[in-house]
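Subject: Structure for you to look at

Hello,

Here is the structure we talked about. Please open it alongside this note; what I found follows below.

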Protein chains: 2
Amino acid sequence: MKLASVRNGLPDGGLVVVSRDLSMTVPAADIAPNLQAAIDRWDEVSPALYALYDRLNAGRAEGATVFHPDAMAAPLPRAWQWLDGSAFPSHGKLMQKAFNLPPIVTDLPLMYQGMSHQFLGPTQDVPFVTEQDDIDFEGEFGVITDAVSMGTTAARALGRVRLAVQINDWSLRAIAPIEMKTGFGWIQAKPACSVAPVAISLDELGPAWAGGRILATLDVQRGGALFGAVPSTEMAFGFHDLIAHAARTRSLCAGTIIGSGTLSTASFRDTGSCCIAERRAIEMIDFGAPRTGFLSFGERVRMEARIAGRAHPLFGAIEQTVIEQTVVGGVGT
Amino acid sequence: MKLASVRNGLPDGGLVVVSRDLSMTVPAADIAPNLQAAIDRWDEVSPALYALYDRLNAGRAEGATVFHPDAMAAPLPRAWQWLDGSAFPSHGKLMQKAFNLPPIVTDLPLMYQGMSHQFLGPTQDVPFVTEQDDIDFEGEFGVITDAVSMGTTAARALGRVRLAVQINDWSLRAIAPIEMKTGFGWIQAKPACSVAPVAISLDELGPAWAGGRILATLDVQRGGALFGAVPSTEMAFGFHDLIAHAARTRSLCAGTIIGSGTLSTASFRDTGSCCIAERRAIEMIDFGAPRTGFLSFGERVRMEARIAGRAHPLFGAIEQTVIEQTVVGGVGT
């Protein structure tokens with residue numbers, strides 16, 4: 001099943017079902033007004049959503065219209081909790097190189113709590129105050145959980161995953177290492193993320209949902225040129241491990257979003273990267289200095305995930321322009 | 001004006017107004033169903049709330065009943081964003097000592113994003129999985145903001161503070177330094193906070209709201225014995241500075257909670273402490289080893305804030321018991 005949230009002027013958007021081939025959509029507001037409400041009552045409402053999805057795919061859903069990603073917000077335009085992992089070891093190693101950081105010695109998953117009161121839609125412009133902050137993207141996968149009780153094991157956590165999503169975790173590289181050195185995690189370096197238009201149920205992934213992982217390749221384009229085509233095969237922890245890690249001392253609410261961290265592989269010379277900072281680190285290794293610049297205002301970034309043999313991207317595409325945030329009289333607009 | 005949220009089975013509770021002397025309360029649901037809704041439409045609803053507060057204080061509010069803190073949730077039982085500063089330098093210095101951490105070199109405010117989908121009410125039991133995590137309290141003040149645009153200056157941010165609150169930022173000291181060393185901030189070490197029953201408008205503070213600071217003394221009792229009576233005079237940044245720090249690269253939603261970090265003073269031998277870890281650090285300085293243990297299940301902690309000459313605590317009292325979280329079959333209850 002594919003779900004999305006149409007922009008309707010309300011902070012949570014309006015729940016819609018999207019056809020398997022991403023061509024058509026139909027409102028689901030009579031089942032649940034928005035995705036958070038659906039997740040809050042998942043067992044109760046999901047059968048009706050699946051039935052509507054079946055009718056839509058069969059061309060028999062009343063009120064169906066053509067699917068326009070531009071009309072969509074993020075699947076959850078806001079969430080009560082966003083916990084982002086960093087589960088691809090190759091990313092950590094390259095970041096260490098890029099920013100001359102000490103190695104992180106831990107057997108536990110890495111995870112920070114990020115800004116969750118706003119997730120940008122898949123084609124919304126992305127505002128930043130200044131290019132001097134070194135604007136970068138980070139392509140990754142995520143899951144949306146049902147409620148998870150404190151102390152839930154990884155094995156049990158697997159059964160609490162409801163939907164999969166694709167995220168661009170925008171990052172400001174001039175700030176990130178400074179905040180990281182405080183030990184407090186990131187506030188300024190991690191503004192609002194963007195999310196691909198469609199959240200999908202796990203059955204939609206088929207064998208590409210295995211070991212608590214979304215097995216797919218993320219294609220990243222910068223200005224129309226391929227930047228990376230990175231498979232998720234090297235995820236060191238499954239999403240169930242990340243959920244159990246978070247839930248060791250807290251209960252998670254329904255609608256918690258858990259992120260994988262930027263996709264990355266040890267074969268980065270073949271796959272390319274899902275963020276600029278990694279490419280710069282590779283250039284530092286190869287040439288002694290980075291050559292690729294961070295993003296300028298007006299640049300476009302596109303990300304979509306694919307599975308071999310499937311005609312359509314899993315989550316639709318994120319395709320956005322980076323713009324300058326206007327600040328007037330000391331107050332941003 | 002004093003506001004609180006009665007436990008009514010709904011996730012956001014029900015808005016009530018509380019009398020100046022904390023003796024009486026009256027439902028305000030006909031003005032706004034809950035505090036988040038009131039903050040979302042503050043300019044529109046606050047005049048009616050002030051008018052109701054005046055009637056309640058004058059003994060003329062219809063439907064008024066005796067105020068029972070036990071019936072209250074946290075003023076915001078959940079919030080879209082909780083950004084906790086660490087603005088008392090003495091606390092940082094003692095933590096460095098307690099956990100053998102490197103000094104944090106920064107001119108910027110320290111801040112992490114914490115769990116915000118659940119804030120415990122003032123007298124709710126506080127569940128933890130194990131005493132082995134070294135359970136500690138952290139008494140602090142906070143503010144609830146209106147919406148703040150990206151790029152807002154500290155001077156302008158001052159005008160976006162709507163309410164003041166008092167928080168116990170529960171902390172697990174066996175985990176905190178481990179997570180801190182990753183640079184990612186705290187997930188496991190910072191479970192749900194507790195909040196005193198009453199949120200107050202700034203006029204309620206009078207001259208005790210100055211320089212973006214809440215000037216009051218926080219009394220902390222452990223098991224009925226005074227643990228600290230710590231004034232907030234050494235807060236190195238005002239709340240407006242903390243807000244502007246957070247808003248440099250993100251917009252804040254209405255209902256964002258900003259924390260001061262644990263109150264602490266350089267005169268800790270006179271004032272005592274607002275957390276156990278600080279007392280242990282002082283014991284390490286004095287005796288070479290800590291003597292005070294962390295909390296055991298069944299222990300009670302009380303915190304209330306006062307201003308000299310006032311008969312009533314500013315925010316009511318937090319008074320709670322630490323209990324063991326039951327985990328059955330790998331899933332917490």
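B:Arg248 and A:Asp133 form a salt bridge, with their closest N and O atoms 2.6 Å apart. A salt bridge here is a side-chain nitrogen of Lys or Arg within 4 Å of a carboxyl oxygen of Asp or Glu. Across the interface of chain B and chain A, the rule finds two salt bridges.

Before the rest, some ground rules. This is a predicted model: local features need pLDDT of at least 70, side-chain atom pairs count only at pLDDT 80 or more, and totals for chains, interfaces and linings use all residues. Residues are numbered from 1 along each chain as its sequence is written, chains are lettered from A and ligands numbered from 1 in the order in which they are written, and side-chain values use heavy atoms, leaving out hydrogens and water.

The interface

Chain B brings 54 residues to the contact and chain A brings 55. Contact means heavy atoms within 4.5 Å. About 4900 Å² is buried between the two chains, and carbon and sulfur atoms give 59% of that. Buried area is the accessible area (1.4 Å probe) that two parts lose on being put together, summed over both. B:Trp80, B:Phe184 and B:Ile187 supply 19% of the area that chain B buries against chain A, more than any other three residues.

The rule also finds 20 residue pairs in polar contact across this interface, both residues at pLDDT 80 or more. A polar contact is a pair of N or O atoms within 3.5 Å; within protein, one must be able to donate a hydrogen and the other to accept it, and residues adjacent in sequence count only if both atoms are side-chain atoms. On chain B, strand S7 (111–113), helix H5 (176–182), helix H7 (239–246) and strand S23 (331–332) each supply at least two residues of the side that touches chain A. Helices (H or I, at least four residues) and strands (E, at least two) are DSSP runs, numbered from the N terminus.

A buried glutamate

A:Glu179 sits in helix H5 (residues 176–182) of chain A. A:Glu179 is buried but has no salt bridge; B:Arg250, the nearest side chain of opposite charge, is 7.0 Å away. For charge, Lys and Arg count as positive and Asp and Glu as negative; His and the chain ends are not counted. Buried means under 20% relative accessible area, exposed over 50%, partly exposed in between (1.4 Å probe, protein chains only). The A:Glu179 side chain does reach the backbone nitrogen of A:Gln188, at 2.9 Å. Beyond neighbours within four places in sequence, the contacts of A:Glu179 include A:Trp186 and B:His245.

Salt bridges within chains

Over all chains, the count comes to 34 salt bridges. B:Glu204 pairs with B:Lys2, closest N and O atoms 2.9 Å apart. B:Glu204 lies in helix H6 (residues 202–205) and B:Lys2 in strand S1 (residues 2–6), so the pair ties together parts of chain B that are 202 residues apart in sequence. B:Glu204 is buried at 7% relative accessible area, and B:Lys2 is buried at 4%.

B:Lys190 and B:Glu138 make another salt bridge, at 3.3 Å. Both residues are buried. In chain A, salt bridges that share partners join A:Asp136, A:Glu138, A:Asp169, A:Arg173 and A:Lys190 into one network.

Backbone

A:Asp134 has a phi near 65°, positive in a residue other than glycine. A:Asp134 is partly exposed, at 23% relative accessibility.

Best wishes
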